[in-house]
Amino acid sequence: MTLSRRRMIAGLGAGLTLGGCQKILETGPVDALATSLDGFTMEAQRLVVPRTALAREYTLAELSPVFRANGSRTADTPAYRRHLAENFANWRLTVTGLVNNPLSLPVSMLQQMPSRTQVTRHDCVEGWSAIGQWTGTPLKLILAMAGVASVARYIVFECADLFGDTPYYESIDLIEAYHPQTILAWQMNGEPLPERHGAPLRLRVERQLGYKHAKFVHGIVVTDDLGRFGAGKGGFWEDRAGYQWWAGI
Ligand SMILES: Nc1nc2c(c(=O)[nH]1)N[C@H]1C(S)=C(S)[C@@H](COP(=O)(O)O)O[C@H]1N2
Ligand SMILES: [Mo]
């Protein structure tokens, strides 16, 4: 089912020579068509695949020789440049919102927590995929440290990269947040997470399409209402280009 869905999107992308997310933004009708195809397959899948199922994991022999970097390849701000030069020694992941204990965690502390390593396939809505190995801290462990309030419904990820003046942001629900393969990754293919793939921390949420995998994450906000973020649809591209908030694959 995933494959046929990917073929449809890939065919769409090839036929109309879509390039980056930016191009999708510029081609409204194409995006609308992709969105309606998405809607159809997502609905069909929701009927048959349990939300808690694991995404397929691959062997190291199956790693893609080239893993494309997409969207922002850097968070090109003076502050980010400084963090990069300091090897992220002063980067903090803040956890705020509907939590009992707001947190501000250095990357080194996340790296000392139990971690998970997984080899998975990244599927971008534009029609390309790549297999990579990711190591990171399970999001559920971070949420457990913060103590999520019972009224919480969504987790919002705040990123350091800017599109004009607007930082990228994304959100997921609590089932995705507590899924065993949902991690804040700080390693890719056994190496420190490269800048272009979202250093020092990026979300891997393996049951969802690429745009949900927030890179350059510095803030996690626990909320009961996505309406307070951006234009209210739960993510940067959801608000700008009609991408589906539910991007399950
Ligand atoms: N902060 C941030 N996260 C982001 C993006 C972005 O532009 N900024 N692009 C998204 C998209 S569309 C995809 S496909 C993946 C690409 O991840 P990669 O660069 O590691 O391949 O990141 C996602 N996360
Ligand atoms: Mo993407």
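This is a predicted model: local features need pLDDT of at least 70, side-chain atom pairs count only at pLDDT 80 or more; totals for chains, interfaces and linings use all residues.

Reader: How many helices and how many strands does the chain have?

Author: Helices and strands are counted here as DSSP runs. On that basis the chain has eight helices and ten strands.

Reader: What share of the contacts with a separation of 6 or more comes from residues 24 or more positions apart?

Author: Contact here means heavy atoms within 4.5 Å. Among the contacts in the chain with a separation of 6 or more, the share from residues 24 or more positions apart is 71%.

Reader: How many aromatic pairs are there?

Author: Two rings pair if their centres lie within 6.5 Å. By this rule, the number of aromatic pairs is 15.

Reader: Take Phe 67 and Trp 128: why is that pair stacked, tilted or edge-to-face?

Author: Planes over 60 degrees apart count as edge-to-face. The ring centres of Phe 67 and Trp 128 are 6.3 Å apart and the planes stand at 85 degrees, so this pair is edge-to-face.

Reader: How many residues apart in sequence are the parts that this pair ties together?

Author: Phe 67 is in the loop between α3 (28–48) and α4 (78–85), while Trp 128 is in the loop between β3 (116–123) and β4 (129–138). Phe 67 and Trp 128 are both buried. The pair therefore ties together parts whose separation in sequence is 61 residues.

Reader: Which strand holds Trp 134, which also pairs with Phe 67?

Author: Phe 67 and Trp 134 form an edge-to-face pair, with 5.6 Å from centre to centre and 90 degrees between the planes. Phe 67 lies in the loop between α3 and α4, 67 residues from Trp 134, and the pair links distant parts of the chain. The strand that holds Trp 134 is β4.

Reader: Which residue has its charged end over the ring of Phe 236?

Author: Phe 236 belongs to a cluster linked by ring pairs, whose members include Phe 163, Tyr 211 and Trp 237. A charged end sits over the Phe 236 ring, 3.9 Å from the ring centre, and that residue is Arg 240.

Reader: Is Gln 133 buried or exposed?

Author: Gln 133 is found in strand β4. Its contacts beyond four places in sequence include Leu 60, Val 119 and Met 188, and a polar atom of its side chain lies 3.3 Å from the backbone nitrogen of Gly 190. Because its relative accessibility is 14%, Gln 133 counts as buried.

Note on methods:
Residues are numbered from 1 along each chain as its sequence is written. Chains are lettered from A and ligands numbered from 1 in the order in which they are written. Side-chain values use heavy atoms; hydrogens and water are left out. Rings of Phe, Tyr and Trp (its six-membered ring) pair if their centres lie within 6.5 Å; planes under 30 degrees apart count as stacked, over 60 as edge-to-face and the rest as tilted. Helices (H or I, at least four residues) and strands (E, at least two) are DSSP runs, numbered from the N terminus. Buried means under 20% relative accessible area, exposed over 50%, partly exposed in between (1.4 Å probe, protein chains only). A charge sits over a ring if NZ of Lys or CZ of Arg is within 6 Å of the ring centre and within 35 degrees of the ring normal. A polar contact is a pair of N or O atoms within 3.5 Å; within protein, one must be able to donate a hydrogen and the other to accept it, and residues adjacent in sequence count only if both atoms are side-chain atoms.
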